[in-house]
Each structure stands twice: as structure tokens, then as C-alpha cells.
Amino acid sequence: MATAARVDLDGNTIRPMTICMIGAGGFIGSHLCEKVLAETPHTVLAVDTINLAAICTPADYNTRPLDTIYSNFIDALPVVKYCSENGKRLIHFSTCEVYGKTIGSFLPKDSPLLKDPAYFLLTEDASPCIFGPIEKQRWSYACAKQLIERLIYAEGAENGLEFTIVRPFNWIGPRMDFIPGIDGPSEGVPRVLACFSNNLLRGEPLKLVDGGHSQRTFVYIKDAIEAVMLMIENPARANGHIFNVGNPHNEVTVRQLAEMMTQVYSKVSEEASLEVPTIDVSSKEFYGEGYDDSDKRIPDMTIINKQLGWNPKTSLWDLLESTLTYQHRTYAQAVKQATSKPVAS
């Protein structure tokens, strides 16, 4: 544990604090715990329970919409209520999904406005939240997350709750998701990077949903945790704000991501001749009835840069290399053993 005095962005000494971290055993929580315990004098009360774990996997949004809504809204209510009633500061992790679709996705295909980034850039205090129709239950997650954000904001406005809302844009790194049949259900579908990792580990084709044309940005988990630490230790600058935390420089289509991951995995696995094909599948075939998607997710970083001086550092290639190195070292042997088991006749 660090003992040296720490100062905030305004030069004030940071007093040791006690942080109750719900979801401490998860991807974000485990990395944040490591950072706090290794570099600060703060105390962490680590809490993790399956019952309170939020569902945040696209494959579940339209197949388990009730569980999705309950876990992301109903289960979060007691935490918000407790913080508001007891004068505790709340740092809430939301999602970039609350933005839904971009304004640009509704423009005619030949519109010159498609070249204007203003129609695609997602800004915390200006961009509308545009979701699909109710029958597209894929938006159950985004709606639940937006409603809990609105509740937190209302508690701040009416009851003085001190809060900060974090909107992650595809945080990537070691321990980020499960590998089906190894440390998760064999029938499960993890998020895109872990899904592609699983395919690469098994030498299976990478499936591109609806051609893989959707665009995403990716940020390294260690960069993102630096941003969260600034929020924790600079309440005067972070309270009452919603922050995008992403890396707009690491923007690719899902198809480009698949191609890059194949190249990187070839390097980290030392398989120079690795050739894993991609195949196109429909969203209905891959996710089931009721799936819908957003076209682009490009974060505006103006507010977090102004308030906290934070900018991401890690390139897409470097974060993929770090993540896939971990995936290969952790799972390659287990996957090999699982796929080589004899089939009973």
C-alpha cells in the first residue's frame, strides 16, 4: 500500500478514504482494486455478488430483457437510495449504450452531412438518446441504464446527492470477459473482443454480424482506470458530471477489428501462418429475434479533458497485443484440452 502523500489536480492533499466497491471481482472492479491498493493509502471494502451483477452482454439484451432491466435498474436502486440518504458520494458506472443510435444514422445515404462529424460525435450534455422501437428488446439495457442515470441526476438536483457518472466506451484488457466452455457457459456469447478471442483460440471463423460494418472505439483498461482514479481523488472537479471515457483515435469497424485481431494473435501465439477466415451472419441468426444496433460510438472527450485533464494513451494495436497475450497464456492450453477430448460413441 502506498504511504506517500498524494495531491489532487489543484494541489490539495488527498486524505485517505474508504471506498465501497460493488462488483469488485469483475473486469473493471478488479483492475480498479489493484490500482487503489497498490498506489494509494485508501481502504477498499470489496463487494461482489452474482445476484447484483449487471447484465451487460448484447446477446442477453433481447433474450433476457427482464433480467437485464432488473439487474441494471431495480438492483441499483438501493445503492443510490443509501448514498443519497446517508450523504455518501456515488460514482456510478453507466454505458455508452445510453446514446443509442447517432443522428447521422437517420440521414439519407447520399447526404453530404454524412461527412460532418457533428452528426456522429457523442457528447454528454448535448447528444440525444435515440433507441429503436419497443419490440427491439436489444434496447432494454440502454433504457435501464438511462433511467438509473436520470434517477441519480434527480437525486443530486432534489436531495443533494454528490455523484459522478461514468460512460465507458468499450474498455478492453485482460480479464474482460469469459471464454465459452472454459470459464463461462458453453452456450454463452461474450462481447465482441472476447467472442473473437474465443474463435482465434479455437481456430474457428470469426463471425461478422450484418457484415461487421458497425464502428466502435476501444480504450485500454489501464488508461480508463487512470480516469476513474482522477474522478475519485478530485471530487470538486468530478461531482455532478457525466464523463465519456473512451479513445476516439482507436476507431475501427468490427470487420477491421477482426482482421487486426487475427494479425495480433498470429504474433502473440507465434503462429506465423495463422489463417482464420471471417464469415457474415445476420443479427437475427447470431443474437436472435429483436436485435438492433447502433452504427457508431465515437466519444467527445471535451468534458473529461477540461475537468480532469485526462487523455487515453494506448493505441489499438498495443491494447490488442496486451489483451490477446493474456488470453493466449491463460486459455490456449485449456481450449486445446477441451477440443481434444474424445467423443463418446
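The structure you are looking at is a predicted model.

**Aspartate 300**

- You can find aspartate 300 in the loop between strand E15 (298-299) and helix H11 (302-308).
- Is aspartate 300 buried or exposed? Its relative accessible area is 13%, and because buried means under 20%, aspartate 300 counts as buried.
- Arginine 15 sits 285 residues away from aspartate 300 along the chain, and the C-alpha atoms of the two are separated by 31 Å.

**The three-stranded sheet**

- Strands pair through backbone hydrogen bonds, in either a parallel or an antiparallel way.
- Here, three strands make an open sheet with parallel pairing, in the order E5-E7-E12.
- Which strands stand at the edges? They are E5 (90-93) and E12 (241-245); each has a single partner strand, so one side of each has no neighbour in the sheet.
- From one strand to the next, the twist averages 20°.
- Four bridges link E5 with strand E7 (residues 163-168) in the parallel sense.
- Look for phenylalanine 93, whose bridge partner in E7 is valine 166.
- Helix H5 packs on this sheet and touches E5, E7 and E12, with its direction at about 160° to that of E7.

**Helix H3 against helix H5**

- Two packed helices are described by the angle between their axes and the distance between those axes.
- For H3 (residues 65-72) and H5 (residues 140-159), the angle is about 20° and the axes are 9 Å apart.
- The two helices are therefore roughly parallel, and their crossing is right-handed.
- H3 brings Pro65, Thr68, Ile69 and Asn72 to the contact, while H5 brings Ser140, Tyr141, Ala144, Lys145 and Ile148.
- Sorted by class, these are five nonpolar residues, three polar ones and one charged one.

**Helix H4 against helix H5**

- H4 (residues 77-86) packs with H5 at an angle of about 15°, and here the axes are 11 Å apart.
- That angle makes H4 roughly parallel to H5, and H4 passes H5 in a right-handed crossing.
- Which residues make the contact? Leu77, Val80 and Ser84 come from H4, and Ile148, Leu151, Ile152, Glu155 and Asn159 come from H5.
- The contact of H4 with H5 has five nonpolar residues, two polar and one charged.

Notes:
Residues are numbered from 1 along each chain as its sequence is written. This is a predicted model: local features need pLDDT of at least 70, side-chain atom pairs count only at pLDDT 80 or more; totals for chains, interfaces and linings use all residues. Side-chain values use heavy atoms; hydrogens and water are left out. Axes are lines fitted to C-alpha atoms, for helices over the stretch in contact, and angles run from 0 to 180 degrees between N-to-C directions. Angles under 35 degrees count as roughly parallel, over 145 as roughly antiparallel, 65 to 115 as roughly perpendicular and the rest as oblique. A crossing is left-handed if the near helix is turned anticlockwise from the far one by less than a right angle, and right-handed if clockwise. Contact means heavy atoms within 4.5 Å. Ala, Val, Leu, Ile, Met, Phe, Trp, Tyr, Cys and Pro count as nonpolar, Asp, Glu, Lys and Arg as charged, and the others, Gly among them, as polar. Two strands pair if DSSP finds at least two bridges between them. Buried means under 20% relative accessible area, exposed over 50%, partly exposed in between (1.4 Å probe, protein chains only).
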